[in-house]
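Subject: Structure handover

Hello,

Here is the structure I promised to pass on. My notes on it follow below.

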Amino acid sequence: MCNYIHYGDKPPAECPECGVGAELFEEIVEELSTPSLSQEEAEEAKQAIFKISYGLYIVGSPKDGKVNGQVCNTAFQITSDPMRMALGVNKVNLTAEHILASGVFSINILGQDGHSLVRRFGYRSGRELDKFKGIKYTLGKTGSPLLENCIGYLECKVIKDKIVDCGTHWLFVADVISGKLLNNVEPMTYEYFRRTK
């Protein structure tokens with residue numbers, strides 16, 4: 001969920017960033033380090049990157065009459081006129097398959113009380129369980145899931161010629177076609193979640 005990368009033959013028993021067990025680590029076979037950076041320089045840069053502020057969101061998308069969702073920290077407004085969002089999703093995630101198939105997604109903005117939603121949507125794959133079972137949600141204009149227990153949402157339609165292959169992730173640029181603020185409280189940030197989990 002947190003994109004922590006462990007260098008070595010075996011992952012740690014528990015992720016030092018988000019606490020998941022070693023069984024959820026995935027081997028990365030492609031070269032991820034920036035060629036011009038040594039491993040030490042890359043580690044120093046990573047510490048600086050951790051200071052960039054991120055929100056935590058539940059991104060959902062429909063496919064074949066089913067919905068799936070995941071935690072995402074890479075969702076941001078890229079233009080205001082037209083109103084567009086950019087979203088980064090790991091290619092191996094089921095949600096990426098849903099977005100590629102349907103061309104739509106929702107971004108559910110979490111409040112600072114959203115810890116249980118982060119755990120539910122962030123630690124297991126939708127291939128293993130129905131993450132929306134027992135969760136209160138409605139379907140929006142696009143058929144994407146809108147959580148009742150969030151502070152606001154956006155529904156987006158992917159611009160087909162603006163899907164970028166970023167290696168391990170897809171970057172989707174999408175038009176905002178619907179949105180609403182439901183509760184004007186402080187949003188969940190990645191830093192807040194890590195500090196209070």
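The secondary structure comes to four helices and nine strands. Please bear in mind that this is a predicted model. Reading from the N terminus, the elements run α-β-β-β-β-α-β-α-β-β-β-β-α.

Overall shape first. The radius of gyration is 17 Å. A compact globule of 197 residues would come out near 16 Å, so the protein agrees with that expectation. Along the principal axes, the C-alpha atoms fill a box of roughly 45 × 35 × 30 Å.

Next, packing and surface. Of the 197 residues, 39% are buried. Take the contacts between residues at least 6 apart in sequence: 63% of them join residues at least 24 apart. The accessible surface is about 11,500 Å². Carbon and sulfur atoms account for 50% of that surface.

On charge, I count 22 positive and 25 negative side chains. The centres of the two sets lie 9 Å apart.

Now to strand E5, which spans residues 104–109. How many of its six residues are buried? Five are, so E5 is largely enclosed by the rest of the structure.

E5 pairs with strand E1 and with strand E8:

- E1 (residues 57–63) runs antiparallel to E5, and four bridges join the two strands. In this pairing, Ile58 stands opposite Asn108 of E5.
- E8 (residues 152–165) also pairs with E5 in the antiparallel sense, over six bridges.

Is Gly111 buried or exposed? Its relative accessibility is 4%, and the cut-off for buried is under 20%, so Gly111 counts as buried.

What does Gly111 touch, leaving aside residues up to four places away in sequence? The contacts are Ile151, Glu186, Pro187 and Met188.

One distance to go with that. Gly111 and Ile99 are 12 residues apart along the chain. Their C-alpha atoms are separated by 24 Å.

To recap the local part: E5 is joined to E1 by four bridges and to E8 by six.

Best wishes

Terms used
Residues are numbered from 1 along each chain as its sequence is written. This is a predicted model: local features need pLDDT of at least 70, side-chain atom pairs count only at pLDDT 80 or more; totals for chains, interfaces and linings use all residues. Side-chain values use heavy atoms; hydrogens and water are left out. The radius of gyration is taken over C-alpha atoms; the globule rule is 2.2 Å times the number of residues to the power 0.38. Buried means under 20% relative accessible area, exposed over 50%, partly exposed in between (1.4 Å probe, protein chains only). Contact means heavy atoms within 4.5 Å. Accessible areas come from the Shrake-Rupley method with a 1.4 Å probe; for residues, only the protein chains shown count as cover. Lys and Arg count as positive and Asp and Glu as negative; His and the chain ends are not counted. The place of a charge is taken as NZ of Lys, CZ of Arg, CG of Asp or CD of Glu. Two strands pair if DSSP finds at least two bridges between them.
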